[in-house]
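Biologist: Please show me the model, and then let us go through some of its residues.

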Amino acid sequence: MQIGILGFKFTGKTTLFNAVTGASLPTGQGGVEPHLAVGRIPDPRLERLTAMFNPKREVHATVEWVDVPGFEPSGAAGPGEGTRFLEHARRVDALAQVVRCFDNDFETPDPLAEIESLALELVLADLQVVENRIDKLAKEKQRKGKNDQPLEPPLMERFQATLSDGKPLRDLELNADERKLTSGFSLLTLKPLILVLNGDEGGVPQDVLAAAAATGAEVVDLCAKVEAELAELSPQERSEFLADLGIAEPAAHRMVRSAYRALGLHSFFTVGEDECRAWTLRRGALAPEAAGVIHSDLERGFIRAETVSYEDLIAAGGLAEAKKLNKLRLEGKSYEVRDGDVLNIRFSV
Ligand SMILES: Nc1nc2c(ncn2[C@@H]2O[C@H](COP(=O)(O)OP(=O)(O)O)[C@@H](O)[C@H]2O)c(=O)[nH]1
Ligand SMILES: [Mg+2]
């Protein structure tokens, strides 16, 4: 899974990328190359499990982050001109737009204009894809007397109407067949979007927060510069620093989890003396699919999943105690894994 960090130049994209991946790329340069790195999904629950089991290893779930080259409104050429930026945006699974809310030396911030301008660019790029597709479908129909996929023309026309209205496609209700049909087109406004309002230490103005939330996107506010500095501290130093400020965890952690949720993902855990580990799972996935995330043998030979919720395990104080309290369940193939489930897969191959 990849999340693209997008936005105008000098909004703090690379600073945020450094904060979430632990990279130390130079900032303030408005670079043109994309950068890719893996970042952990911060999860305080995993830390508590590690404290309980004292394993040799603690392994976080991860996602890949892409620092996408800055978006530049396609001025003279007119909006909708293909940019390098769009190529990179098409390849990722979710979009995190960094919006500048802090003052820099040369321009006062205009966060709402940034949000609208990028949203429009994505809508226009999708409209072009959809209209090309409509042309192709019309030609196919002329040639063959019908379309191979009869569901597609009405769907594309619905898309065209929505986009022509200036609206993203992500709010449309699509059934499973329709989703499948569209999956090959890399439509940008179908991808989950989160808005990262990047402010100064003083925070982001309330009216900007409200206006961003009104777009329907998931909104997180932070100060990327502080987050990048926090990421460079040792865990010990970081908790002391946060405790001084009376903050439970870095804002970047909230941002990462929002993006993870927006992707339709959640985590389950495996625990033991060797390793406590968080694994990424599609929301809605059943126990055998979770087993398959660990190893394909576990999915193939799946028998049962010994399951306890994170909360029950913590409340009980250990696996043996949870079992005594009847909190350890044996779940079968049709069990839908919940966020925070602690699983032990029984299998035979
Ligand atoms: N005041 C302030 N400056 C920031 C913040 N985030 C980034 N910057 C600065 O803005 C400039 C551009 O940041 P950079 O991450 O390179 O932006 P990019 O072009 O979007 O990748 C750098 O000088 C950063 O130090 C922030 O939260 N507050
Ligand atoms: Mg950059």
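Predicted model: local features only at pLDDT ≥ 70, side-chain atom pairs only at ≥ 80, totals over all residues.

Modeller: Residues are numbered from 1 along each chain as its sequence is written, chains are lettered from A and ligands numbered from 1 in the order in which they are written, and side-chain values use heavy atoms, leaving out hydrogens and water.

Biologist: How many disulfides does the structure hold?

Modeller: A disulfide is a pair of cysteine sulfur atoms within 2.5 Å. Cys101 is in no disulfide, and its nearest cysteine sulfur, that of Cys223, is 11 Å away. The number of disulfides is 0.

Biologist: Is Cys101 buried or exposed?

Modeller: Buried means under 20% relative accessible area, exposed over 50%, and partly exposed in between (1.4 Å probe, protein chains only). The relative accessibility of Cys101 is 13%, so Cys101 counts as buried.

Biologist: Where is Asn54?

Modeller: Most residues other than glycine have a negative phi. Asn54 is not a glycine, yet has a positive phi of about 45°. At 64% relative accessibility it counts as exposed. Asn54 lies in the loop between α2 (44–53) and β3 (57–59).

Biologist: Where does Asn326 lie?

Modeller: Asn326 is also not a glycine and has a positive phi of about 60°. Its relative accessibility is 69%, so Asn326 counts as exposed. Asn326 is in the loop between α14 (319–324) and β11 (329–331).

Definitions and conventions. Helix = DSSP H or I, 4+ residues; strand = E, 2+ residues; numbered from the N terminus.
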